[in-house]
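Look through the structure shown here before reading on.

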Amino acid sequence: MGDVVLEWVTPYILTQKRRLIKAITLSAAVVFTIDAILFMPIFWFIVIPIWLVEFFVFRNWKYEYEYVYVNGDFEISKIIRKCKRKLAFHGDRKDMEYIVKGRQEETGMTAVDYTSGVPGAPVYTMKINGQLIYFEPTQEFIDEMKNYHKVRF
């Protein structure tokens, strides 16, 4: 009964660029809606697609990453709007080559970012299955990997 189960969630914070796009699009939609109601009904051909884009695209920008570590299996799930879950990554401890603090880059390797986007947050790089994974583990995860499963740090 020596099972090791660790689970933690990291919410994604919108970047300034995405916040600016969202603010500009929302303000344009409000202005065009008022114009369509008061002055020119032809603006409805612009208003309806803008509101549809805001409804479908911007709703999907609210997500978080859930990291789950169970007896050597490491999974990262993307949870969209706290109701839709997609498995983003699955790896085994045996396939992990190393875990390093900070963002590492290697030529010829694909890097996948599963972090919150918060500047200054502690980010680790894991090399597994021929790719680099950026994630934000808890100290419990790092301690468990150091103590029980010998992964190179």
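Tyr63 has a relative accessibility of 11%, so Tyr63 counts as buried; buried means under 20% relative accessible area, exposed means over 50%, and partly exposed lies in between, with a 1.4 Å probe and protein chains only. Tyr65 is buried too, with a relative accessible area of 7%. This is a predicted model, in which local features need pLDDT of at least 70 and side-chain atom pairs count only at pLDDT 80 or more, while totals for chains, interfaces and linings use all residues. Residues are numbered from 1 along each chain as its sequence is written, and side-chain values use heavy atoms, with hydrogens and water left out.

The structure contains 11 aromatic pairs. Rings of Phe, Tyr and Trp (its six-membered ring) pair if their centres lie within 6.5 Å; planes under 30 degrees apart count as stacked, over 60 as edge-to-face and the rest as tilted. The ring centres of Tyr63 and Tyr65 are 5.6 Å apart and the planes stand at 75°, so this pair is edge-to-face. Tyr67 and Phe135 are also edge-to-face, because their ring centres are 6.0 Å apart and their planes stand at 65°. Tyr67 lies in strand β2 (residues 63-70) and Phe135 in strand β8 (residues 131-135), so the pair ties together parts that are 68 residues apart in sequence. Helices (H or I, at least four residues) and strands (E, at least two) are DSSP runs, numbered from the N terminus.

Some rings have a charge over them, which requires NZ of Lys or CZ of Arg within 6 Å of the ring centre and within 35 degrees of the ring normal. The charged end of Lys78 sits over the ring of Tyr63, 4.2 Å from its centre. The charged end of Arg59 sits over the ring of Phe55, 4.5 Å from its centre.

Seven bridges join β1 to β2, and Pro11 has Glu64 in β2 as its bridge partner. Two residues separate the strands in the hairpin of β2 and β3, where Asn71 takes a positive phi near 45°. Strand β3 (residues 73-80) is joined to β4 by eight bridges, and Glu75 stands opposite His90 in β4. β2 is mostly covered, as seven of its eight residues are buried.

Axes are lines fitted to C-alpha atoms, for helices over the stretch in contact, and angles run from 0 to 180 degrees between N-to-C directions; contact means heavy atoms within 4.5 Å. Which residues of α3 are buried? They are Phe141, Ile142, Glu144 and Met145. These residues cover an arc of only 165° around the axis, which puts them on the same side of α3; the arc is that of the directions from the helix axis to the C-beta atoms. What covers the buried residues of α3 includes β1, β2, β3, β5 (96-101), β7 (124-128) and β8.

Conventions
Pairing = 2+ DSSP bridges.
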